[in-house]
Amino acid sequence: MKQNLQNATQIRLETEAATDRLARSVAKHMRAGDVVLLSGSLAAGKTTLVRHVATWLGSTDRISSPTYTLANFYQSPQAQIIHIDAYRLKNAAEFLDLALEEELERSIALIEWGECLADEFDNWIGIDIATLPESETGRLVTLSASGPEMITRVQGILGAYSEANA
Ligand SMILES: Nc1ncnc2c1ncn2[C@@H]1O[C@H](COP(=O)(O)OP(=O)(O)OP(=O)(O)O)[C@@H](O)[C@H]1O
Ligand SMILES: [Mg+2]
């Protein structure tokens, strides 16, 4: 069940500093077992967002793109973070072959090119990042969610973000 919350879920980020503020709101609402599916074109800012979220979660690990490793693991005071890049996965079966189920249960998962895995999870938060033709650092972010709890979570993220910008 994908719920696109429309209108209210779109945020325009003018700079990477705004992306960092969104990351702070996302981090504030993450719990072990959460799955965030990140989408957006090459160099849209998926890894950048993960880096900022991990930092706000208190991780001091080096956050790098898991393009070749498929999955990176970082430690944070709140929970382990799994940073996955699904770009090279041919299909969902290849993801299941990674046998990450137990790890996912106790971790916060941030999955780049994750939209192809939407059917593999009952609950997820979707963050799509689109570049804007008129601005090098501007991005349009669309938040979506699957599952009632995640819809509430997205509303919390939006609330925290708008408060931080008030
Ligand atoms: N508002 C912004 N939010 C995020 N990144 C931004 C923003 N403005 C500029 N950037 C820059 O855009 C680049 C985004 O690169 P990044 O590796 O995060 O993209 P990506 O979506 O992970 O790409 P890939 O598809 O290759 O994994 C970085 O160099 C970052 O500094
Ligand atoms: Mg990336």
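Predicted model: local features only at pLDDT ≥ 70, side-chain atom pairs only at ≥ 80, totals over all residues.
Just after helix H2, Gly58 takes a positive phi of about 95°. Helices here are DSSP runs of H or I with at least four residues, strands are runs of E with at least two, and both are numbered from the N terminus.

Residues are numbered from 1 along each chain as its sequence is written, while chains are lettered from A and ligands numbered from 1 in the order in which they are written.

Let me turn to the ligand. Which residues come nearest to ligand 1? Of the 16 residues around it, they are Thr19, Gly45, Lys46, Thr47 and Thr48. A residue counts as near if its C-beta atom, placed from the backbone, lies within 6 Å of the molecule. Three elements each supply at least two residues of this shell: helix H1 (16-28), helix H2 (46-56) and strand S8 (135-146). The largest share, three residues, comes from H2. By class, the shell holds four nonpolar, eight polar and four charged residues. In this scheme Ala, Val, Leu, Ile, Met, Phe, Trp, Tyr, Cys and Pro are nonpolar, Asp, Glu, Lys and Arg are charged, and the others, Gly among them, are polar.

I now come to helix packing. Two packed helices are described by the angle between their axes and the distance between the axes. The axes are lines fitted to C-alpha atoms, for helices over the stretch in contact, and the angles run from 0 to 180 degrees between N-to-C directions.

On the H1 side, Glu16, Thr19, Asp20, Ala23, Arg24, Val26 and Ala27 meet Thr48, Leu49, His52, Val53 and Trp56 of H2. Two residues are in contact if their C-beta atoms, placed from the backbone, lie within 7 Å. This contact divides into six nonpolar, three polar and three charged residues.

The second pair is H1 with helix H5 (residues 148-164), whose axes come within 8 Å and cross at roughly 140°. H1 and H5 are therefore oblique to each other, and their crossing is right-handed. H1 contributes Arg21, Leu22, Arg24, Ser25, Val26 and Lys28, and H5 contributes Ile157, Ala160, Tyr161 and Ala164. The classes in this contact are six nonpolar, one polar and three charged.

Which residues of H2 are buried? They are Lys46, Leu49, Val50, Arg51, His52, Val53 and Ala54. A residue is buried if 20 or more other C-beta atoms lie within 10 Å of its own, exposed if 12 or fewer, and partly exposed in between, with C-beta atoms placed from the backbone. The buried residues of H2 pack against H1 and against strands S3 (35-39), S4 (71-74), S5 (80-85), S6 (107-112) and S7 (124-132).

I close with individual residues. Ala17 belongs to helix H1 and counts as exposed, with 10 C-beta neighbours inside 10 Å. Ala99 lies in the loop between H3 and helix H4 (101-105), whereas Trp113 lies in the loop between S6 and S7. Is Trp113 buried, exposed or partly exposed? With 18 C-beta neighbours inside 10 Å, Trp113 counts as partly exposed; Ala99 is exposed, with 8 other C-beta atoms within 10 Å.

Finally, Gly147 is found in the loop between S8 and H5, and is partly exposed with 17 C-beta neighbours inside 10 Å. Gly147 and Asn123 are 24 residues apart in sequence, and 5.0 Å apart in space, C-alpha to C-alpha.

Key
Parallel < 35°, antiparallel > 145°, perpendicular 65-115°, else oblique. Left-handed = near helix turned anticlockwise from the far one by under 90°.
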